[in-house]
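Dear colleague,

I am handing over the structure that you will be working with, and below it I have written out what was found in it. Please keep the model open while you read, so that you can look up each residue as it comes.

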Amino acid sequence: MDIVAALFIDDIQLRQVPGPATRIDLTGVQFSAVAPTELPLVWAPHLVVIVRCAPGEPGVGALEVAYFRDGERIARNVQPLQVEPGKFNYRLVRAELEFADYGTVDARARIDAGPVTVVPYTLLPPPG
């Protein structure tokens, strides 16, 4: 299995189109956000990971997403993954991340011991 995309989002909707196709509508794709309050705070952005399973592959594995700040792991999520061979699927991952300082967290996603997909997310100070 392979990770096709991994993005922080506000919402995901699936919709049918004519024929056997499906569309995935992602809204609010983001790589940063303004903190709603002063620090410290807990922030829980939603990460969607879209995966595909090639024909002939077994279609089962484990999706691991580890969150790092300044090289230190601050959160981790592991969940089983099952995708029908020749098809696509997705998983939503939500971690509660503690922020004592503004800055960037890297979400590092991988399936089993496969390659890592890194998605940065930056918490910015409120305006003013």
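Q16 stands opposite T22 in β3, where a strand is a DSSP run of E with at least two residues, numbered from the N terminus. Before going further, please note that this is a predicted model, in which local features need pLDDT of at least 70 and side-chain atom pairs count only at pLDDT 80 or more, whereas totals for chains, interfaces and linings use all residues. Residues are numbered from 1 along each chain as its sequence is written, and side-chain values use heavy atoms, with hydrogens and water left out.

Strands β2 and β3 run antiparallel and are joined by six bridges; two strands are said to pair if DSSP finds at least two bridges between them. Their hairpin has five residues between the strands, and in it G19 takes a positive phi near 90°. A21 is also found in the loop between β2 (11–16) and β3. With a relative accessibility of 28%, A21 counts as partly exposed, a class that lies between buried (under 20% relative accessible area) and exposed (over 50%), with a 1.4 Å probe and protein chains only. The C-alpha atoms of A21 and G103 are separated by 40 Å, and the two residues are 82 apart along the chain.

**The protein as a whole**

The protein has twelve strands and zero helices, a helix being a DSSP run of H or I with at least four residues. Along its principal axes, the C-alpha trace spans about 50 × 35 × 15 Å, and buried residues make up 34% of the 128 residues.

**Two open sheets**

Strands of a sheet pair through backbone hydrogen bonds, either parallel or antiparallel.

Another open sheet has five strands in the order β4-β12-β11-β7-β8, and its pairing is mixed. Its edge strands are β4 (32–34) and β8, each of which pairs on one side only. Six bridges join β7 to β11, which run antiparallel, and Y67 stands opposite A107 in β11.

**The nonpolar core**

Which residues touch the most other members of the largest nonpolar core? They are L47, V65 and Y67, out of 28 residues in that core, a core being a set of buried Ala, Val, Leu, Ile, Met, Phe, Trp, Tyr and Cys residues joined through side-chain atoms within 4.5 Å. Strand β11 gives the largest share of this core, four residues.

**The largest pocket**

The largest pocket has a volume of about 240 Å³. A pocket is an open set of points on a 1 Å grid over the protein atoms alone, where a 1.4 Å probe fits, with protein on both sides within 12 Å along at least five of seven lines, and lining residues have an atom within 4 Å of a point; the volume is the space filled by probe spheres set on the points, which are joined across faces, edges and corners. Its lining consists of L14, T22, R23, I24, K87, F88, N89 and Y90, and the elements that give two or more residues to it are β3 (22–27) and β9 (88–94).

**Backbone details to check**

Most residues other than glycine have a negative phi, and most peptide bonds are trans. A cis peptide bond joins L39 and P40, with omega about 0°, and P40 is found in the loop between β4 and β5. D70, in the loop between β7 and β8, has a positive phi near 55° and is exposed, with a relative accessible area of 77%. D112 has a positive phi near 50°; D112 lies in the loop between β11 and β12 and, at 44% relative accessibility, counts as partly exposed.

With best wishes
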